[in-house]
Every structure is written in C-alpha cells, then in structure tokens.
Amino acid sequence: MRLAPLLWQLFRFLLPPTLIGLTWIYTYPFLYGCSFPPAVPSELACHLPGSEQPGRAAETAPFRLLCLADPQLEGGSSVPDYELGKTWQEQGVTGVMGRVGKRWRKQLDLWGNDRFLAHIYWMISWWTGPTHTVVLGDLLGSQWIDDEEFEGRRRRFWETVFKGGEMVGRGVTEKGGVEDGFGGWERRVIAVAGNHDVGYAGDLNEERLTRWEDGFGEVNWEVRFRLPEKDGSNETSSTIVRSPLDAALTPELRLVVLNSMNLDSPTLHPHLQKDTWDFLSSTLPGSSLTKPPPNIGTILLTHIPLHKTSSHCADKPFTSHFSAAEGGGIREQNLLSSSTSEVVLNGLTSTGSSALILDGHDHVGCDTFHYSHPETSGWTTEPFYRPRLSLRPNNTHLQHSPIDWGRSSGIREVTVRSMMGEYLGNAGLLSAWWDAGEERWKFEYESCAFGVQHIWWAGHVLALIEGSLGLAALVRGELEGRRTKRELGREKKAQ
C-alpha cells in the first residue's frame, strides 16, 4: 500500500487550520488592534461649532508602561514525586506507568506555560513598543519554596519568560534619582513583590526578603523622570501664559514601587514593617503645608489593591491570621485595610497634581476611581467608567468622564488582570503624558488579551503534526519512488 498519497492528503487537509492558527498566534496584537492609548491633548481633536481654536491630533505618549501581573511560575515542587519502587510493589507496571505519565505531563505543562507567558511578553513588547515594563507581583507560585527551588524559578523567569529583560539594579533603586527623559529602560523589567514572592505580613521574614531583592530588585524604591523640553507636552501653537515660577517647573513623572505585603498589622517582624512605613512616609507624606506641585505626576506600583466595598471587584475584603503559636500575623489578605488605603491616597494627593495606582493580586482585574468629595469625610470609591465624548451643558469643552465634576481630582486604581492562561493571557498598556494646556499629567489605560493557553498549545501542536506529516510524506514518497523504479527495472529485465 502506498502511504505517500494519504500523507499528502492529510497534510493538505491540516494546512489551512495550521496557517490560520499560527497567523492568529503571532499577529494577535495586530488583529485585536492592541496599542498604547494616544496622548490626547486638552484641545478638541476635532473642530466643534463655535470653537475658535482648531483641533489637534493625538500623539504617541512619551511614557508607555507594559503592565503584567501574577504570572505565578510553578516549579519542581509542583511536580509529583512518587516512590516508584513502592508503587511497583502495590500496583505493578500499570501503576508505575500512570505515575510516570502524571509526572511527565506536569513537567510538559511547566515547559509550555513558561513559553506561553514568554510569548505574551515578546509579542506585546515587539508590537507596541513600550518604554517601560512592570510585573505587579506574584512572579513565583509560592513563598514557601527552598532556596534551590527559588533559584531555579528565578533563572526561568529571566532566561525564558522574560528573556532579554534586565533586573532594575541597586545602582538605580538605591539612589532614587532623577533621569532626563524616558530612554534607556526598554529592557529593564520592574519587579513588584507579591505574597507568593515574599509572603504576607505574618510570614514575611528577612531571608525571603533578601533572596527576593538579590534575584529581582529592591521592594521599596522610586525614580523620577524629568520630561525633556517639548517632549510629549502636547503644547499647542497658541501662546500659553505662565508665571515665572510655573515656567521654571519642569514636568516630572515619579514611579514609586511599594511593598504592600507588610503595611497592615499584625506582622511577624515589626522592624521590617517599620522599614516599609518609613519609605511610604518619606515618599508619599500624608499631609503638606503647601499646595501640591502641579508639575509632578505619580504612578504607584504595588501588589495588594486598596480597600473597597464587596460590590466593586471580584476579590472581597478578607483577612485571615496565623494562630497565636505561629505568631498571629496576617496569613492571607485580599485588600489593604481602609486606614492604610487612606494614608496611601492622602500621600498621593499631597505630592503632585495627578496620580494613578497600578496593582495586581486580584486575578480577574478591576478598575476603580477613588475621590474625596467636599461634602463627605474620607474617600469614596466607585467603578471607573471609560471616558466618553460628550458635551457639558452650556459649554464647548469635553466631558472626560460620567463621574461628576466635583470628583475630577480623584485617583484611578487599575488592578491588572493576571497574565496566566486561565485569565486569557492579559497585558495592560498604560500611557502617560504631560498636557501643557491643562498643566498636569494625564494617564490612560487599555488591555490586550491573548486568550486561553490551549490556543497556544493547539496552534503549535498542529504545526508540529503538520511538519511531521510533510516530512513523512516526502520521505515516504522518495522511498516509494525508488521502490517503483526497482520494480520497473526488474520487469524490464524479465522481458
């Protein structure tokens, strides 16, 4: 029986779905239209009736932050370790084969998961061109692993998942200086510590903190980026009158990386908590005797989201504790306490004209808006609504949000959806720019999801099968062709 024709038929049958699958996998940012939000100026992008000033097109934002969250790399500790000798005695060859199969399947799953996550990072980075990248905690799958397992996962993180990326070294994090422009950070990956990295307040200790900082960078640090003149300012051709003092203020964007794991009490090691609070107090002081500088914008990068009511996000307010014998500290925590959240929000409003919070932890993701209304005390939280293009009554300016105008000075908090396949391989795209017309920093955020990891697996398995079929058809066709020639030669000799 000649198999080559059958193999070619199978090859041709599987070729269209294979090409479609691979095309989608390697062009999905383009097919979904994934891109960083443009820097929209304060002037209208289109001319409105009665407007004396012509519209101005949007521009590429000078600061573009790729936001990834909760990859949670598993490792050797998650691979089943069976005593095959005992299994052989109890269950025979069938039991051994079953246990070996489960172990092999888990190892294959880890191998594929690393490359699925790497595909998301590589594709989004290549297509959108971020200036900065952050992973918002839970880089690893467990804080209770030993040092050898930690080192293995750290190596996979940098050499496979974020291959080509670089840790933000202590030369940057310790000085907390000011950098001119946003260049030079394209390969750096900002790593935020999460509960699966260093633990909650009840089990975070110096050993875990030290190995994390050696492998991924400091847990508390800040950096300021000074905007070069006429870079990303969205300045119009019209003359903008400023006071001499305002003219001397160069716009600066601050990135503040905060370890939120031990902000709340009780904690296992109070001195480590004091270090975090000292950093928070010095970086985001809760009160100021002077008006916040209008040229400063702040992006807070942390892991645990701020306090909200149970109706806003997937994760509800929840905290559990270790037993008294184990120290009594926080064992698990979905959200920061209301008092801690208020300190963070007050600190953000006292240090600049605009701020944004990015965090992880809640794998589903969430988008909220915190505001302090003049008629109420404290902070109120509501879901954030996408800005819509509509006119304010008796005015020719745009309404930027359906939230009423008394709340316009609030702070948006984006809890970035997990990049794990179960949560569709999500990536967040944050743009920031200085709007010279309004003289403040502006932020806008979009999401781009790949889909479940099974799509990645199916596309590459199909490609492997298709390649194997094509190779087998070529080899089989060559062998059958040679056999046919030999048979024809024998028949001619026989005649």
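1. The link of C313 and C366 is left-handed, with -75° about the S-S bond. In this predicted model, the sulfur atoms of C313 and C366 lie 2.0 Å apart, and a disulfide joins the two residues. The pair connects distant parts of the chain, 53 residues apart: C313 sits in the loop between β8 (296-301) and β9 (319-321), and C366 belongs to strand β12.

2. A second disulfide joins C34 to C448, with an S to S distance of 1.9 Å. The link of C34 and C448 is right-handed, with 75° about the S-S bond. Here too the pair ties together distant parts of the chain: C34 lies in the loop between α1 (4-31) and β1 (63-68), while C448 is in strand β16 (residues 440-449), and the two are 414 residues apart.

3. C34 is buried, with a relative accessible area of 7%. For C448 the relative accessible area is 1%, so C448 is buried as well.

4. How many disulfides does a search of the whole structure find? The search gives 2. Counting bonded cysteines along the chain, their pattern is 1-4, 2-3. Another cysteine, C67, is buried with a relative accessible area of 0%.

5. The remaining points concern strand β14 (residues 411-415). Why is β14 described as largely enclosed by the rest of the structure? The reason is that 5 of the 5 residues of the strand are buried. I411, E413 and T415 point one way from β14, whereas R412 and V414 point the other way; all are buried.

6. β14 has pairing partners on record in the model, among them β11 and β12. Strand β11 (residues 354-359) pairs with β14 in the parallel sense over 4 bridges, and I357 stands opposite E413 of β14.

7. Strand β12 (residues 366-371) runs antiparallel to β14, and 5 bridges join the two. In this pairing D367 has V414 of β14 as its bridge partner. Strand β12 also holds C366, one end of the link to C313 in the loop between β8 and β9.

Definitions and conventions: Residues numbered from 1 in each chain as written. Predicted model: local features only at pLDDT ≥ 70, side-chain atom pairs only at ≥ 80, totals over all residues. Heavy atoms only, no water. Buried < 20%, exposed > 50% of the residue type's maximum accessible area, 1.4 Å probe, protein only. Pairing = 2+ DSSP bridges. Disulfide = S-S within 2.5 Å.
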